[in-house]
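Please read this briefing beside the sequence and the coordinates.

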Amino acid sequence: MITGVSRRKGIGFAIARRLSALGAHLFLHSFAAFDAAQPWGADPDGPVSLVDELRCQGVRVEHEDADFQISGAPESLVRSAAVAFGHIDILVVNHAYSTSGSLEDLTSAEIDRHLHANVRAPLLLAKAFAAQHDGRTGGRIVLLTSGQHRGPMPGELAYVASKGALHQLTRSLSAHLAPHRITVNTVNPGATDTGYASAVLHQDVLAREPQGRWGEPADAARIIGWLVTDEAQWITGEVINSTGGGP
């Protein structure tokens with residue numbers, strides 16, 4: 001189960017392609033309405049075309065749209081996935097709610113929107129995932145954080161607070177779920193070119209990248225693809241910075 005698979009240029013779709021190439025059947029979550037309201041916009045053909053493309057790789061793919069601002073949405077999504085497949089082995093919490101704003105711009109409503117999507121939903125998804133897990137080997141939860149622990153992000157304070165929470169939850173959540181044969185790791189993919197950056201921001205980030213390029217969605221997908229395999233069964237409770245050496 002992968003959340004936040006709405007756009008062809010997004011990290012979520014890259015993860016889905018990677019896991020399908022490894023033979024995983026997929027239950028995908030999207031919330032295209034969020035992308036449609038952003039400057040980069042939603043894909044014209046929507047998540048349905050992504051589902052169709054993945055099915056062509058010979059794996060089963062199911063899809064559901066859900067707004068994590070709504071109470072009960074995370075649990076409902078996991079129930080749908082469990083009904084569809086009988087059991088979920090892997091949960092990748094890729095979705096994120098993000099808006100820009102300085103301290104002076106913050107409102108209680110905007111802080112709540114970040115916390116509902118980026119903290120409450122991941123915790124409830126993990127809870128529901130663990131409840132349906134039957135103790136077999138191979139249980140995996142992968143969370144995604146940002147670079148708030150590596151440098152200041154003063155224009156995204158609500159986002160920083162919410163993604164920092166996932167960072168700090170990783171070790172404790174992994175300790176709780178290790179006896180259930182579920183590993184928990186968090187990935188910081190670094191600056192990833194998903195089409196959100198303005199031309200000025202794109203050049204500014206590029207100038208600070210040691211390898212001379214932005215991260216690509218496939219970069220994040222590769223490390224996540226490895227973390228969910230048997231080869232990574234001894235890795236848990238870690239926050240992994242997959243940033244190409246950059247901030």
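A pocket here is an open set of points on a 1 Å grid over the protein atoms alone, where a 1.4 Å probe fits, with protein on both sides within 12 Å along at least five of seven lines, and its lining residues have an atom within 4 Å of a point. Grid points are joined across faces, edges and corners, and a volume is the space filled by probe spheres set on the points. The model is predicted, with local features needing pLDDT of at least 70 and side-chain atom pairs counting only at pLDDT 80 or more, while totals for chains, interfaces and linings use all residues. Residues are numbered from 1 along each chain as its sequence is written, and side-chain values use heavy atoms, leaving out hydrogens and water.

**The second largest pocket**

- The second largest pocket holds about 330 Å³ of space, and among its 18 lining residues Ala24, His25, Leu26, Asp89 and Ile90 lie nearest its centre.
- Two or more lining residues come from each of strand 1 (26-30), helix 4 (73-85) and strand 3 (90-93), where helices (H or I, at least four residues) and strands (E, at least two) are DSSP runs numbered from the N terminus.
- The lining divides into 13 nonpolar residues, four polar and one charged, counting Ala, Val, Leu, Ile, Met, Phe, Trp, Tyr, Cys and Pro as nonpolar, Asp, Glu, Lys and Arg as charged, and the others, Gly among them, as polar.

**Nonpolar cores**

- A nonpolar core is a set of buried Ala, Val, Leu, Ile, Met, Phe, Trp, Tyr and Cys residues joined through side-chain atoms within 4.5 Å, and buried means under 20% relative accessible area, exposed over 50% and partly exposed in between (1.4 Å probe, protein chains only).
- The largest such core has 27 residues, of which Ile2, Ile15, Leu26, Leu28, Val92 and Ile224 touch the most other members.
- At least two residues of this core come from each of helix 1 (11-21), strand 1, helix 3 (46-55), strand 3, strand 4 (139-144) and helix 8 (217-227), and helix 1 gives the most, with six residues.
- Another core, of 23 residues, lies apart from it and includes Ala81, Val93, Ala126 and Ile182.
- Leucine 28, leaving aside neighbours within four places in sequence, is in contact (heavy atoms within 4.5 Å) with residues including Ile2, Val5, Ala16, Val51 and Leu54.

- Leucine 91 lies in strand 3 and counts as buried because its relative accessibility is 1%.
- Beyond four places in sequence, leucine 91 touches Met1, Leu125, Ala126, Phe129, Arg140, Ile141 and Val142, and its C-alpha atom is separated by 7.3 Å from that of phenylalanine 129, 38 residues apart along the chain.
- Methionine 153, in the loop between strand 4 and helix 6 (157-177), is buried because its relative accessible area is 18%.
- The C-alpha atoms of methionine 153 and arginine 55, 98 residues apart along the chain, are separated by 39 Å.
- Threonine 243, in the segment after strand 6 (239-241), is buried at 11% relative accessibility, and its side chain reaches the backbone oxygen of glycine 246 at 3.1 Å.

**A positive phi**

- Most residues other than glycine have a negative phi.
- Arginine 181, in the loop between helix 6 and strand 5 (182-188), has a positive phi near 65°, and at 49% relative accessibility arginine 181 counts as partly exposed.

Technical notes. A polar contact is a pair of N or O atoms within 3.5 Å; within protein, one must be able to donate a hydrogen and the other to accept it, and residues adjacent in sequence count only if both atoms are side-chain atoms.
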